[in-house]
Amino acid sequence: MPKTKLKNAWDVIDENKKQMTKTGIQKSFSNNLHFILAKDRYTQTPNDEYVALAIAVRDRIVERWIHTQQRYHKKNLKRVYYLSLEFLIGRLLGNNMLNLELEKEVRLALEELGVNLEEIHEEEPDAGLGNGGLGRLAACFLDSLATLGIPAHGYGIRYDYGIFNQKIQNGYQVESPDEWLKMGNPWEFQRPEYAVTVKFYGQTSMVRDVDGKLRARWENTQDVIAMPYDIPVTGYANDVVNTLRLWAARSSEEFDLEYFNHGDYEKAVYHKMLSENISKVLYPNDSSAVGRELRLKQEYFFTAASISDIIRRFKIENKDLKKLPEKAAIQLNDTHPALAVAEFLRVLVDQEDMEWKDAWQITTETFAYTNHTVMPEALECWALPLFERVLPRHLQLIYEINNRFLKEVAKKFPGDTELLKRVSLIEEGNPKRVRMAFLAIVGSHSVNGVSALHSELLKTQLFKDFYAIYPKKFNNKTNGITQRRWLKKSNPRLSDLISSKIGEGWITDLYELEKLTQWQKDKTFCKAWQKVKHANKLDLCEYIQKTTGVKINPHSMFDIQVKRIHEYKRQVLFALYVIREYLTLKDNPANIRTPRTFIFAGKAAPGYAMAKLIIKFITSIADVINSDGDNQDLLKVIFLENYRVSLAEKIFPASDLSEQISTAGTEASGTGCMKFMLNGALTVGTLDGANIEMAESAGIENMFIFGLKTEEVQEIKEKGYHPGPFIQRSPYLSEIFEMIRGNYFSALEPGIYEPLLKSLTESDPYMVCADFDAYCAMQDKISEMYRNQVEWTRRAILNVAKAGPFSSDRTIAEYARDIWHVKVEANSKKVVRKRAKSKK
């Protein structure tokens with residue numbers, strides 16, 4: 001009998017790897033344990049079970065991934081390239097199961113096998129490739145790009161060690177390495193065939209080629225290999241799978257054989273170790289010269305590899321590089337990837353032999369820049385001697401960009417030499433410095449802020465001069481979050497309740513939540529809402545007792561501030577209010593009519609001494625209050641260590657009150673505020689960042705807004721702010737500061753909080769004292785309101801109903817329409833239209 005001839009290898013793919021059924025998952029899970037991991041029921045570990053399940057889910061992603069990429073190539077679609085030094089993607093198993101709509105089948109499959117899905121989830125490490133909001137935003141954007149069916153690739157660094165693990169020991173933050181890759185990563189695929197050589201150091205010279213044309217030559221460089229690792233990014237229920245490509249540094253030479261043969265084994269691998277340091281750790285401490293150099297090399301390493309990859313992919317279906325802006329949109333997520341502008345230009349001019357005018361036009365039409373700060377000191381600059389030594393050719397290009405730019409400005413604003421100094425890409429001084437944000441602005445066709453207030457401050461303050469030069473470049477794209485992770489996945493009880501009343505349309509169109517307004521006064525629905533919140537709080541109580549040993553009252557208000565520890569975010573303001581409540585309790589426990597559990601979480605940068613002192617201050621307050629015999633569960637203070645995505649998913653669903661209390665005019669946007677809102681917490685906050693738009697959406701009467709406005713902060717500072725008069729007028733501040741000065745919270749370490757006291761009483765840079773009394777007054781109103789659970793619940797429902805504008809789907813749809821000019825699916829167009837209508 002003749003054998004059937006196979007057309008290709010694809011004809012014999014195991015169908016079990018495609019099946020979305022309980023039985024198919026069971027077969028894949030068991031086969032993976034046996035054949036991939038070589039384990040049996042006697043030797044398998046919980047981590048083996050996680051890996052086996054992850055591979056089973058991954059197998060079902062891969063087919064969709066290949067089909068998605070084939071479609072992009074076949075149709076030669078324009079693609080979005082999102083460059084970010086951070087991607088705080090967290091755990092992927094639950095998210096991928098949700099997007100594939102597999103969770104029910106997986107749960108049934110594992111139950112029959114006697115395996116607990118929740119325990120498997122806890123085996124997965126958080127991929128902590130980010131520091132906070134910037135990286136988490138990038139992860140939400142990738143989710144939305146895939147869900148909206150937009151052809152997109154994320155580019156970043158595959159750090160060996162992510163954001164550090166935080167332990168609290170004797171109240172102090174202690175950092176340890178985040179070994180997230182220790183057990184391997186089942187979600188990634190190494191792609192050595194697309195490795196890129198990245199150059200550093202060396203010298204440049206100008207030589208004439210055979211045609212007599214002057215060309216730049218970059219020679220005697222130290223080369224590093226950028227090794228790509230791809231992680232699939234699933235869209236929700238649409239079979240679209242995009243790619244996150246992360247670059248790992250590998251030495252161009254494994255070891256020096258000559259040293260090895262002479263027995264000097266350490267020196268033989270020295271260059272290998274030095275090269276691979278580039279992708280070792282997220283954000284090396286840049287307080288030293290070595291740390292700053294490593295940071296610069298990190299930024300160039302990933303941007304150079306990404307630009308090479310983008311141009312390689314473009315050339316697969318296209319020949320004319322002048323049409324690159326029609327097929328590629330490159331978005332810079334903050335200033336870290338700004339070197340991509342100079343690198344892109346270098347490739348076009350030096351490698352592709354393009355004329356400067358054409359190369360610069362292509363560059364500016366391809367790039368767009370998102371700024372994430374309102375603070376001038378946060379804008380990245382590099383000392384010119386360091387920059388010239390590490391990237392000599394790029395400095396030449398930046399000089400030329402700057403020369404041509406300043407001529408353009410001088411022509412438009414003749415005689416204004418001060419303007420030329422202010423906008424120059426090179427800052428005068430000793431040493432001179434390269435202004436990376438200015439390079440990003442000049443080299444992009446779009447510059448956007450991330451909230452309405454932030455974008456206005458860019459135009460009127462931070463980049464005022466550039467706005468005068470390029471008014472059409474500036475626009476706003478308010479940040480958003482993905483409701484798939486931050487409501488459907490992390491809060492299944494509330495998700496199910498919402499869907500039972502309005503359907504599941506909100507999962508891909510968050511404006512559908514508006515339908516909840518009709519249920520805000522329904523007694524049965526409100527009771528069900530309260531029941532969900534209480535159940536979520538019980539879950540968090542259990543976690544807190546397990547991890548801290550502190551038992552908390554689930555009927556108390558959960559008053560929460562979780563975010564990176566920084567003075568401008570004003571964790572100190574919250575802590576001072578906690579002390580005020582403690583004074584009230586000590587005066588008469590009966591005065592505490594609304595019991596509260598104050599929950600803090602967040603990491604301080606290892607080199608940020610004041611932020612680390614603030615953590616110690618909070619934990620000291622907790623020690624005193626939690627051990628006070630007069631307390632009787634009226635007040636509890638909790639600092640949850642090692643804040644991360646998976647912990648955030650436990651906290652937001654249990655929250656009652658969200659603390660968004662930064663000094664007005666300092667927070668660019670913030671997305672934690674949106675996650676709290678989406679999970680039914682009410683917000684106490686200043687008119688800062690996205691709080692303003694949240695108040696516009698939900699109604700300012702449904703939030704608790706206090707404190708100085710941005711213009712008032714500026715006016716007071718211009719006149720000369722001093723905290724003294726505010727301290728004297730306050731009925732509590734003097735007493736609180738005397739308690740601190742008298743070591744009430746530091747009996748075993750007297751004087752430890754003097755630096756904090758000095759900052760608050762002498763300069764108070766973020767105006768904690770100026771806002772304290774207004775904050776306390778608002779908190780008193782909040783306590784009163786919380787006792788009226790009917791009204792509190794109504795407002796919570798209304799806040800969720802008005803969360804529609806804060807989906808990252810809406811944000812991405814606006815980027816696609818206004819900046820990238822890429823086609824989006826019908827659903828995303830509807831989201832944009834609703835946003836525009838709501839603004840009117």
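This is a predicted model: local features need pLDDT of at least 70, side-chain atom pairs count only at pLDDT 80 or more; totals for chains, interfaces and linings use all residues.
## Salt bridges between separate elements

The structure contains 61 salt bridges. One of them joins the side chains of D809 and R484, with an N to O distance of 2.6 Å. D809 belongs to helix α34 and R484 to helix α20 (residues 483–489), so this pair ties together parts that lie 325 residues apart in sequence. Both D809 and R484 are buried.

A second salt bridge pairs D559 with R596, whose closest N and O atoms are 2.8 Å apart. This pair links distant parts of the chain, since D559 sits in strand β20 (residues 557–562) and R596 in strand β21 (residues 596–601), 37 residues apart. D559 and R596 are likewise buried.

## Helix α34

Helix α34 spans residues 808–820. Within helix α34, E814 and R810 are 4 residues apart, about one turn of the helix. Their side chains meet in a salt bridge at 3.2 Å, N to O. E814 counts as buried because its relative accessible area is 5%, and R810 is buried because its relative accessibility is 0%. Elsewhere, salt bridges with shared partners join R191, D230, R245, D309, R312 and R313 into one network.

A813 is also placed in helix α34. With 1% relative accessibility, A813 is buried. A813 and K802 are 11 residues apart in sequence, and their C-alpha atoms are 19 Å apart in space.

## Positive surface patch

R71, K74, K75 and K823 form a positive surface patch. K823 lies in the loop between α34 (808–820) and α35 (826–839). The relative accessible area of K823 is 77%, so this residue counts as exposed.

## Helix α13 and its cover

Helix α13 comprises residues 356–366, and its buried residues are W356, A359, W360, I362, T363, T364 and T366. The cover over these buried residues includes both helices and strands. Among the helices are α11 (324–327), α12 (339–351), α15 (392–412) and α17 (436–442). The strands include β13 (328–333) and β14 (367–370).

Key:
Residues are numbered from 1 along each chain as its sequence is written. Side-chain values use heavy atoms; hydrogens and water are left out. Patches are made of residues with over 30% relative accessible area and no salt bridge: like charges are joined within 9 Å, nonpolar side chains (Val, Leu, Ile, Met, Phe, Trp, Tyr) within 5 Å. Accessible areas come from the Shrake-Rupley method with a 1.4 Å probe; for residues, only the protein chains shown count as cover. A salt bridge is a side-chain nitrogen of Lys or Arg within 4 Å of a carboxyl oxygen of Asp or Glu. Lys and Arg count as positive and Asp and Glu as negative; His and the chain ends are not counted. The place of a charge is taken as NZ of Lys, CZ of Arg, CG of Asp or CD of Glu. Helices (H or I, at least four residues) and strands (E, at least two) are DSSP runs, numbered from the N terminus. Buried means under 20% relative accessible area, exposed over 50%, partly exposed in between (1.4 Å probe, protein chains only). Contact means heavy atoms within 4.5 Å.
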